[in-house]
Amino acid sequence: MVEESNKFLDFDLKLRQGDFDLDVAAQFSNGITAVFGPSGAGKSTLLACLAGMSEPDDGFIKLDGQTLFSSGERVRTPPQARSVVMVFQDGMLFPHKTVRENIEYGYRMKPDKLRSVDPDELCQFLRLTSLLDRYPETLSGGERQRVALARGVATSPRLLLLDEPVASLDIGLRNEVVSYLKQVHERYAIPMVYVSHSLSDVMALAANALVLERGLVKSFRPVVDLVAEVVSSTRVGSDDIDNLFVGTVSASGAISIGDIEVIAQAGNLRAGQQVTASISASDIMLALKRPEAISARNVLRGVVRRVDRGEFGAFAFIDAGADFVVELTSEAVDQLGIEIGLDVYVVFKTSSITITAG
């Protein structure tokens with residue numbers, strides 16, 4: 001539960017669809033909240049209820065104090081009157097319209113007094129200006145998702161619902177779209193509900209996560225606590241948790257991320273260019289002393305902020321000028337004495353970093 005003063009989206013709903021029962025209640029803030037869980041958990045069904053595409057059998061939905069649905073009060077606000085926009089996995093763009101026409105479709109339907117987003121500025125921000133006269137079939141997967149995001153944001157929604165928007169993309173395009181989602185929230189202050197079964201995406205975007213299992217709430221907690229839940233219940237593979245950063249190429253060719261610079265294979269990128277950098281949690285090493293005479297070119301001094309242990313391993317959260325998550329074996333935690341407050345060095349190779357240009 002969020003504090004009462006931060007409550008933005010409040011719902012308690014029940015819905016039966018065949019043999020599946022959804023019974024979910026939660027309160028979300030106006031930030032980015034993730035809905036996490038395996039396939040069939042009810043994530044997309046929950047979003048459909050919030051958007052008005054499906055009607056619950058019982059309960060209520062309140063958005064910023066306004067009742068959108070209430071079985072008791074017989075309130076049923078139609079989807080088009082909710083100012084809630086859904087972005088789907090495949091984008092669902094109008095194939096017969098250009099990129100410009102897709103983006104301006106919802107914008108033109110919005111009354112002037114309710115418009116708060118300039119589509120031209122939005123297209124420039126999302127780097128879509130050069131694509132405006134093209135049709136969806138000519139776009140890459142990442143470009144289509146950026147257009148779908150722009151189309152949704154252009155309507156100046158009160159709430160943006162994202163139903164696994166990067167699930168079908170490869171890691172480079174996935175990182176690109178996740179980066180843009182984060183920047184859109186920061187720039188336009190639009191609350192988001194992000195559905196995913198990828199822990200990496202959830203960690204990169206959200207502050208809190210609602211975990212669903214078979215239509216029921218398993219937990220609702222800060223995302224950092226979700227890592228502990230996952231590592232204690234199942235084996236996390238090397239591709240399951242990535243560190244995702246938004247940075248800028250420096251004059252030296254390194255990537256500036258917050259207060260640090262990361263040496264990456266970015267020789268073909270220009271200084272000042274914005275990029276996303278992805279580093280798997282399993283590709284990062286920790287050292288108690290600064291290592292010397294090693295091939296890894298990135299050595300960052302940091303402090304352990306948290307350690308989560310489970311049956312199959314552990315994760316350490318390190319503040320090294322940027323926040324890193326490091327996957328470790330339980331033996332390594334014991335042998336190195338990894339604990340909160342310990343000074344360590346974060347070490348990784350340039351080849352471990354996946355760079356995606358914006």
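Student: So helices (H or I, at least four residues) and strands (E, at least two) are DSSP runs, numbered from the N terminus. Where does that put Ile338?

Tutor: Ile338 sits in the loop between helix 8 (330–336) and strand 20 (343–348). Keep in mind that this is a predicted model, where local features need pLDDT of at least 70 and side-chain atom pairs count only at pLDDT 80 or more, while totals for chains, interfaces and linings use all residues. Residues are numbered from 1 along each chain as its sequence is written, and side-chain values use heavy atoms, leaving out hydrogens and water.

Student: Is Ile338 buried or exposed?

Tutor: Buried: the relative accessible area of Ile338 is 7%. Buried means under 20%, exposed over 50%, and partly exposed in between, with a 1.4 Å probe and protein chains only.

Student: And what is Ile338 in contact with, beyond its neighbours within four places in sequence?

Tutor: Leu286, Val304, Val307, Ala316, Leu328, Ala332, Val333 and Val344. Contact means heavy atoms within 4.5 Å. Take Ala316: Ile338 is 22 residues away from Ala316 in sequence, but their C-alpha atoms are 8.0 Å apart.

Student: Which residue is the bridge partner of Ala316?

Tutor: Val326, in strand 19. Strand 18 (residues 313–319) and strand 19 are antiparallel and share six bridges. Two strands count as paired if DSSP finds at least two bridges between them.

Student: What's the strand order in that open sheet?

Tutor: The order is 16-20-17-18-19, five strands with antiparallel pairing. Strand 16 (285–287) and strand 19 (323–328) are at the edges, each pairing on one side only.

Student: OK, helices. How do helix 4 and helix 5 pack?

Tutor: Helix 4 (residues 141–153) and helix 5 (residues 171–188) pack at about 20°, with axes 9 Å apart. Axes are lines fitted to C-alpha atoms, for helices over the stretch in contact, and angles run from 0 to 180 degrees between N-to-C directions. Helix 4 and helix 5 are therefore roughly parallel; the cut-offs are under 35 degrees for roughly parallel, over 145 for roughly antiparallel, 65 to 115 for roughly perpendicular, and oblique for the rest.

Student: Which residues make the contact?

Tutor: Among them are Leu149 and Val153 of helix 4, and Leu173, Val177 and Tyr180 of helix 5.
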